[in-house]
Amino acid sequence: MTDPAQPPPARLVHGPGPHESGTPVSDLVDRLRGGERRAIATAVTELERMSAAAPALLAAMQPHLGHARVVGFTGPPGAGKSTLVNAVIAHARGVGRRVGVIAVDPSSPVSGGAILGDRIRMTAALDDDGVFVRSLASRGYLGGLSPAAVRVIDALDAAAFDLILLETVGTGQSEIDIAEVADVRVVVSAPGLGDDIQAMKSGLLEIADILVVNKGDRPGAEQALHQLISAVSIRATVRHDIPVLKTTATSGDGVERLYAAIGAVGDRVMADPPMIRRRRRARYLIARAAADLVAKRIKDGQGKRLEALSDQVLAGAITPGDAAKMLIAEP
Ligand SMILES: Nc1nc2c(ncn2[C@@H]2O[C@H](COP(=O)(O)OP(=O)(O)OP(=O)(O)O)[C@@H](O)[C@H]2O)c(=O)[nH]1
Ligand SMILES: [Mg+2]
């Protein structure tokens, strides 16, 4: 008997394939939690596209979130982030951990980097049920994380992955995003990228929990390592106790130490109740959505209003700050 007072259960309408169309969201979440691969793929796609069923899916997943460790890998193009993520997956699988992977805006032709999925395919990890990989475009998010990426993190968290590895190219916005969203932030650099390590954008150093000089087999690696160690010890804005490690992602050298360092930082972070990390991700999503809303409001339909406010600013009647407040307050 269905209770007429209850709304009908949410169902998937625009499933990616005919198989999932009509599936109740609660069934999907049960299967997701059981680690069923097709359910994970469906949930991820629904959330990535923010389909009609996505809000119900997000709501149903909420009680199951906050258990995965989210590890962000960021750094300049071509530093070896994908190769390193791949090596970390291999290590994590070796010790029995299930790993979800999200690559945002994977690989530019300039960097010589391969798309993360390709790299993982090369090592056959994609045949492994303990690994799930999804690449996402960063779309208008300037190399940063899109809100879609954060929703996909939630899906992988609900799917009970132990680790969620997130690869983004280190640009201004992605640093901030990674800092907000990841529990452990790994900043990857390498010798011979053109940029002097010391000149590495300070934003990158500041968010790091762990610093890695990859391509340890290349000339200049040792020097880069020492430059980075001294940069960390000199800069007032950088925590002085962060580990600075050398890896060779292609051979796996140093990956065990990196994995241990990720574990140590993760243990500290995970000592906080899951609610704190979930709240941090939710706060980030709200702030991004609010910023998007304001940008959209300014872009469409506010031309006249902006002009009028500009005139008032020019006349000395109000400050630009006042004008901004008036613009935001506008319904
Ligand atoms: N010699 C050497 N080459 C490496 C190492 N790690 C990665 N590479 C090579 O560096 C190139 C770029 O590696 P990727 O892992 O795709 O780099 P990425 O940082 O993910 O690149 P983007 O995603 O495009 O920013 C590839 O040709 C890799 O094989 C390493 O430890 N040593
Ligand atoms: Mg890459």
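This is a predicted model: local features need pLDDT of at least 70, side-chain atom pairs count only at pLDDT 80 or more; totals for chains, interfaces and linings use all residues.
Helix H1 passes helix H3 in a right-handed crossing.

H1 covers residues 25-33, and H3 covers residues 54-61. Their axes come within 10 Å and cross at roughly 50°. Two packed helices are described by the angle between their axes and the distance between the axes.

Which residues of H1 and H3 meet? H1 brings Val-25, Ser-26, Leu-28 and Val-29. H3 brings Ala-56, Leu-57, Ala-60 and Met-61. Sort the residues of this contact by type: seven are nonpolar, one is polar and none is charged.

Now step back to the whole chain. It has 13 helices and seven strands. Of its 331 residues, 41% are buried. Take the contacts between residues at least 6 apart in sequence: 73% of them join residues at least 24 apart.

Next, look at strand E2, residues 99-104. Is E2 mostly covered or uncovered? It is mostly covered, with six of its six residues buried. Val-99, Val-101 and Ala-103 point one way from the strand. Gly-100, Ile-102 and Val-104 point the other way. Both sets are buried.

E2 also has strand partners. Six bridges join E2 to strand E3, residues 131-136, and the two run parallel. Here Ala-103 stands opposite Ser-135 in E3. Five bridges join E2 to strand E4, residues 163-169, and this pair runs parallel too. There Val-99 stands opposite Leu-163 in E4.

Methods
Residues are numbered from 1 along each chain as its sequence is written. Chains are lettered from A and ligands numbered from 1 in the order in which they are written. Axes are lines fitted to C-alpha atoms, for helices over the stretch in contact, and angles run from 0 to 180 degrees between N-to-C directions. Helices (H or I, at least four residues) and strands (E, at least two) are DSSP runs, numbered from the N terminus. A crossing is left-handed if the near helix is turned anticlockwise from the far one by less than a right angle, and right-handed if clockwise. Two residues are in contact if their C-beta atoms, placed from the backbone, lie within 7 Å. Ala, Val, Leu, Ile, Met, Phe, Trp, Tyr, Cys and Pro count as nonpolar, Asp, Glu, Lys and Arg as charged, and the others, Gly among them, as polar. A residue is buried if 20 or more other C-beta atoms lie within 10 Å of its own, exposed if 12 or fewer, and partly exposed in between; C-beta atoms are placed from the backbone. Two strands pair if DSSP finds at least two bridges between them.
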